[in-house]
Amino acid sequence: AYGEHCLDGRPGGWITDPAAWTLARRLMARELLAAFDEDKRPADRPPAEEDLAGFEQQVEWSRLTEATRGLRVEVEGVRVDVDPKDAQTPLRVEATLTLFNAAREPFSGLLGFSGVPGDWKVEDARLRVEKLESRRWARRVLSAKVPSLPTNADGVLGIDVTTGTNATARTAPARICALTSQPLGRAIVLDGKLDDWPLGQINMAADFVLVGALDAPKRGRISADRASQQTVVFVCNDASYLYIGFNCADDRMSERVVSRGNAVRYDELWPTGEDLVEVVLDPTHRAVDAGDLLHFVVKANGAVISERGVPCLADVARYSDWPAGVEAAVDDTLHKDRWTVEMRIPLKALTGKPGVWGANFGRYQARLGEYSSWSGARRHLYSPAALGNLLVNN
């Protein structure tokens, strides 16, 4: 019923493929009609027609079983770490998988990466799952050593995880999010405008995914799981500060919801009520729950909140206000179709080491109720396993 803690509710578990429901309705209707018409069947019906109808029905029953019964796999997130002792493949990639056995029998089979570059050294190339009981959950971690991560301009690399047995295998998509903080030659003026930032290259995060959208079927949308208002994040640093810039597109700027308060309201594990952006960091790479994460919010009115942990999870994880010396500026006048945010975080407050930090960026757009994140977090942003990856050299 829940994921990492009792406030982290899972989706209902129903099959989300509309084709499976259509097939089930057709089979039910056929069975009912056959039962009602049992006495009306002509006695002289050719055996060939009976055999053909029975075969078609068996095929459709098999299709329904295949669609609804079996091992379901979700990729919670993919984290990256640095191994300084390995010059050839210095990065370790770890994918956290959640398994649910929807079959009536125990599941035994294999898990593995597929569609990955040839220079990956997969440590658990075929991770075996032994006798996962029916209607039981399990967690597994797949890992690989890699020389580099060839992400696209959005800081995203798509791969697949293969599940099943040697005879039958299915794939589940995995999203690796990684970017590198760009070193600065001079400090950035904190005015919210982003006009003095260097040209973005490998330090960009974009292609935000709506939180919760991956588990709900949708039709008739070109980008079913993406926010309609684009968000792009840039990350830079100098010897003293980490700089984070948000470029938030909005085609109806006058209808943004901007409050006068300096507190964030939550609806369960989602912020609500007004436009804002979020940053979640794990500089130590050792976070095990939401209480180990650093959480920053900048509201559209310019208010800045910095915390250890998240207030909406205070019942299940550590939480405290944290005067980290974070500064921010918001600009909503320079462009007619976007508002921008600049954040400056003292590196000494982050207590991280040079290397790959856990990081995620989120945005809540109140007019449309769109809550999205860079890492593609499935249920909420405050899970260490669901963070993306930020390489910082300081």
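1. Arg-139 has a relative accessible area of 42%, so it counts as partly exposed. The scale behind that word uses a 1.4 Å probe and protein chains only: buried is under 20% relative accessible area, exposed is over 50%, and partly exposed is in between. Before you go on, note that this is a predicted model, where local features need pLDDT of at least 70 and side-chain atom pairs count only at pLDDT 80 or more, while totals for chains, interfaces and linings use all residues. Residues are numbered from 1 along each chain as its sequence is written, and side-chain values use heavy atoms, with hydrogens and water left out.

2. Which residue does Arg-139 meet in a salt bridge? The partner is Glu-4, with 3.2 Å from N to O. Arg-139 belongs to strand S6 (residues 137-146) and Glu-4 to the segment before H1, so this pair ties together parts 135 residues apart in sequence. Glu-4 is partly exposed, at 28% relative accessibility. A salt bridge here is a side-chain nitrogen of Lys or Arg within 4 Å of a carboxyl oxygen of Asp or Glu, and the count by this rule is 22.

3. Now have a look at helix H1, residues 18-36. Its 19 residues reach 27 Å from the first C-alpha to the last, close to the 27 Å expected at 1.5 Å a residue; the expected span is 1.5 Å times one less than the number of residues. Which residues of H1 are buried? They are Ala-20, Leu-23 and Leu-27. These residues cover an arc of only 65 degrees around the axis, which puts them on the same side of H1; the arc is that of the directions from the helix axis to the C-beta atoms. On the other side of H1, the exposed residues are Arg-25, Met-28, Leu-33 and Phe-36.

4. Glu-60 sits in helix H2 (residues 47-68) and Arg-26 in helix H1, so the pair ties together parts that are 34 residues apart in sequence. Glu-60 also meets Arg-30 in a salt bridge, at 3.3 Å from N to O. Arg-30 lies in helix H1 too, so this pair links H2 to parts 30 residues away in sequence. Glu-60 is buried, with a relative accessible area of 12%, whereas Arg-26 is partly exposed at 35% and Arg-30 is partly exposed at 27%.

5. What about open space? The largest pocket holds about 1,300 Å³. Its lining has 50 residues, and Val-73, Glu-74, Leu-214, Asp-215 and Arg-378 lie nearest its centre. Elements giving two or more residues to this lining are H2, strand S1 (71-82), strand S7 (156-164) and strand S8 (169-180), and S1 gives the largest share, eight residues. By class, the lining has 25 nonpolar, twelve polar and 13 charged residues. Ala, Val, Leu, Ile, Met, Phe, Trp, Tyr, Cys and Pro count as nonpolar, Asp, Glu, Lys and Arg as charged, and the others, Gly among them, as polar.

6. The largest cavity has a volume of about 70 Å³. By class, the lining divides into one nonpolar, two polar and six charged residues. On a 1 Å grid over the protein atoms alone, a cavity is a set of points where a 1.4 Å probe fits but cannot get out; a pocket is an open set with protein on both sides within 12 Å along at least five of seven lines, and lining residues have an atom within 4 Å of a point. Grid points are joined across faces, edges and corners, and a volume is the space filled by probe spheres set on the points.

7. Finally, a backbone detail. Most residues other than glycine have a negative phi. Lys-131, in strand S5 (residues 127-132), has a positive phi near 50 degrees. Lys-131 is exposed, at 62% relative accessibility. Leu-194 has a positive phi near 65 degrees, and this residue is in the loop between strand S9 (182-183) and strand S10 (204-205). Is Leu-194 buried or exposed? Leu-194 is buried, with a relative accessible area of 15%.

Terms used. Helices (H or I, at least four residues) and strands (E, at least two) are DSSP runs, numbered from the N terminus.
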